[in-house]
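Please look over the sequence and the structure shown here before reading on.

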Amino acid sequence: MIEPSFMDSLKKARTYGLGEFLEIIGELSQESTKKGVIDRKHKELITLGIALAKGCHRCIEIHTDAATRMGASETEILQVRKVALYTQASPEHRHGELWTAWSDSWREFSLSKGCVDRRCRELVGLGIALVQQDSRLIEMHTHAALEYGSTPEEIFEVMPIALLMDGAPALSQIPHLVQALEQAPEYIAQAA
């Protein structure tokens, strides 16, 4: 279960101004490369997914090389590329047949066997959703990551990675991430 003080800190961050955001960005960007609950290889795969979604060719090259140095295979890197493609192909409008078809297709891909486990695929998707500032996808990937075994700490560890790649726009998504976690059936059950 997530520490109440950590959750309180995230909620407090909702009220910060630009100065506080810039200070936090500096601190959290340093955290993104440290050892944490997500190992370095998976952090690089998440970062690579974000780089792909942002279309930053230099970032893609840097994080492909870093992921490879951390032990990621070509097949794992290819699967992260597929996650980025799926996430970028999500329909703008979250209602109707197109959304249902996309959502079903994503779930089928996420449930398929592969060298990148379901939990990591959802964390990559979450990182991309954070930099795309897409609250619906933040909620979807947060809930699915929990469903596939992620802890709240792992989910929140994606935030510094998104900050490293996107800065203040990603930081502005903290309220959506907190809300998605608070509304997750798995989190509600743990808190009870």
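Predicted model: local features only at pLDDT ≥ 70, side-chain atom pairs only at ≥ 80, totals over all residues.

Is the crossing of α9 and α11 left-handed or right-handed? The crossing of α9 and α11 is right-handed, where a crossing counts as left-handed if the near helix is turned anticlockwise from the far one by less than a right angle, and as right-handed if clockwise. Residues are numbered from 1 along each chain as its sequence is written, and side-chain values use heavy atoms, with hydrogens and water left out.

The protein chain holds 12 helices and 0 strands, helices being DSSP runs of H or I with at least four residues and strands being runs of E with at least two, numbered from the N terminus. Of its 192 residues, 49% are buried, where buried means under 20% relative accessible area, exposed over 50%, and partly exposed in between, with a 1.4 Å probe and protein chains only. Among the contacts with a separation of 6 or more, 70% join residues 24 or more positions apart, a contact meaning heavy atoms within 4.5 Å.

To return to the opening pair, α9 (residues 152-166) and α11 (residues 174-183) pack at an angle of about 165° with their axes 11 Å apart, the axes being lines fitted to C-alpha atoms, for helices over the stretch in contact, and the angles running from 0 to 180 degrees between N-to-C directions. That angle makes α9 roughly antiparallel to α11, since angles under 35 degrees count as roughly parallel, over 145 as roughly antiparallel, 65 to 115 as roughly perpendicular and the rest as oblique. In this pair, Pro152, Ile155, Phe156 and Met159 of α9 meet Ile174, Leu177, Val178 and Leu181 of α11.

Helix α9 also packs with α3 (residues 40-54), and here the axes come within 10 Å and cross at roughly 40°, which makes α3 oblique to α9. The crossing of these helices is right-handed, and its contact involves residues including Ile46, Ile50 and Ala51 of α3 and Val158, Ile161 and Ala162 of α9.

Both α3 and α9 take part in covering the buried residues of α4, as does α5. Helix α4 spans residues 57-69, and its buried residues are Ile60, His63, Thr64, Ala66 and Ala67. Seen down the axis of α4, these fall within an arc of 165°, so they line one face of the helix, the arc being that of the directions from the helix axis to the C-beta atoms. On the other side of α4, His57, Arg58, Glu61 and Arg69 are exposed, and just after this helix glycine 71 takes a positive phi of about 105°.

Helix α6 (residues 96-111) has 16 residues, of which Trp99, Trp102, Trp106, Phe109 and Ser110 are buried. Because these buried residues fall within an arc of 95° seen down the axis of α6, they line one face of the helix, whereas Glu97, Asp104 and Glu108 are exposed on the other side. The cover over the buried residues of α6 includes α5, α7 and α8. With α5, α6 packs at an angle of about 165° with the axes 11 Å apart, which makes α5 roughly antiparallel to α6. The crossing of α5 and α6 is left-handed, and the contact includes Val83 and Tyr86 of α5 and Trp102 and Trp106 of α6.

Technical notes: Expected span 1.5 Å × (residues − 1).
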